[in-house]
Amino acid sequence: MKRRYLSTLAGTMAAAMMVCGGTVFAEETPDSLDIVWVTCSTESEFWQYQQIGMENAVKDMAEKYGIEINFTTVGPATEAETEAYIRAFENAVASKPNAIISATQVPDSTIAVSKEAMDQGIVVNFTNCGLEPMDSDEYSDCYNQFYTTVSADIGDMAGKVMLELMEKAGIEAKGTVAMEFSNVNPALQPRMDNFKAYLEANSELTVLDTLYNNNDLNQGQADIENEIATYGDDLVGIYGANNTSGDAISLAVENAGIKDKVITIGVDSDPTEIAALEAGTIDCIIVQDAYGQGYAALENAVETIMEGANPETEQKVAMAPVAVTTDNMHEDEYAAMLDPTLRKAE
């Protein structure tokens, strides 16, 4: 990622004052920082992977600036508990930390809370799921920085890879493709829309409407099993646009014994998906750099405070997705993308 950094602090020089949308972030250089990670889900491996990036950044930034960083995590157990997420965010704001890092599945409900934090001089950075899409700046005064992977890029890559894997497996690109996702989120909907548009523009495949499982693995598995039973041999592809959906696909495909008859693609990784990729019940996982997003969000928050200004030249930074397949999953680069626990600092 290309950055334009301000000159570094010299000695004990007081930090410059930063004003962004009327928000004052720092008036003097602090000796310690309190940073709260408001997660969408404490149980989800994906958000834990983000947290590993943040925890590593805490160590690096503490060493860089010679300060103590107190890092805490709050949030609901599951992504479906959106009201609990908002309460956790509100409580984090009330605790008056120096910075809040978050990701939101309910941007409309999060905007006012994030704006309140910014108005109090709290640096708010979003990772992965933010308040607005990349082409909008309507809420630019409600947060400091956003690191993400563009949902449209994920959908396009998934469509392209599905056709490539069909050709490699000798499966004709005709028939039916099913889609499964967690919940309706306008910022993430291009994962589905672009996938469908790519296949329809480049093949004779029929893409079914997305089924939504609200991040319930059992519901997702039931959805896929019903479509396997309904479409039979005409079902040649299945796409799940988050890790829970990928887990559901792998379990349904394994139970049906059709892994050699259908191409399956998931998004984001967890231990179940990784095992499925090894076994071939998932053929590819489109991986976001969860670790990198989390690391960058924490690093930027500290630098914004300590240097008195946001060092990024763009308020939104996109990190490209990566396609990990059964063939490349054991290469070091791809293994670490699949499982960021391999990068966790001691």
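Predicted model: local features only at pLDDT ≥ 70, side-chain atom pairs only at ≥ 80, totals over all residues.
Residues are numbered from 1 along each chain as its sequence is written, and side-chain values use heavy atoms, with hydrogens and water left out. Local features need pLDDT of at least 70 and side-chain atom pairs count only at pLDDT 80 or more, while totals for chains, interfaces and linings use all residues.

An unreviewed UniProt entry lists residues 35–303 as "domain: Periplasmic binding protein"; such annotations may be inferred rather than shown by experiment. This span is 49% helix and 21% strand, and its end C-alpha atoms lie 13 Å apart. Helices (H or I, at least four residues) and strands (E, at least two) are DSSP runs, numbered from the N terminus.

Helix α4 covers residues 151–169 and reaches 27 Å from its first C-alpha to its last, close to the expected 27 Å. The expected span is 1.5 Å times one less than the number of residues. Buried residues (under 20% relative accessible area, 1.4 Å probe, protein chains only) of α4 include I154, A158, V161 and L165. After α4 comes G170, with a positive phi near 75 degrees.

Rings of Phe, Tyr and Trp (its six-membered ring) pair if their centres lie within 6.5 Å, and planes over 60 degrees apart count as edge-to-face. The count comes to seven aromatic pairs. F46 and W47 form an edge-to-face pair, 4.8 Å centre to centre with 80 degrees between the planes, and both are buried. The planes of F126 and Y143 stand at 85 degrees, with ring centres 6.3 Å apart, so this pair is also edge-to-face. F126 lies in strand β6 and Y143 in the loop between β6 and β7, 17 residues apart. Both F126 and Y143 are buried.

Technical notes. Buried < 20%, exposed > 50% of the residue type's maximum accessible area, 1.4 Å probe, protein only. Phe/Tyr/Trp six-rings, centres within 6.5 Å; stacked < 30°, edge-to-face > 60°.
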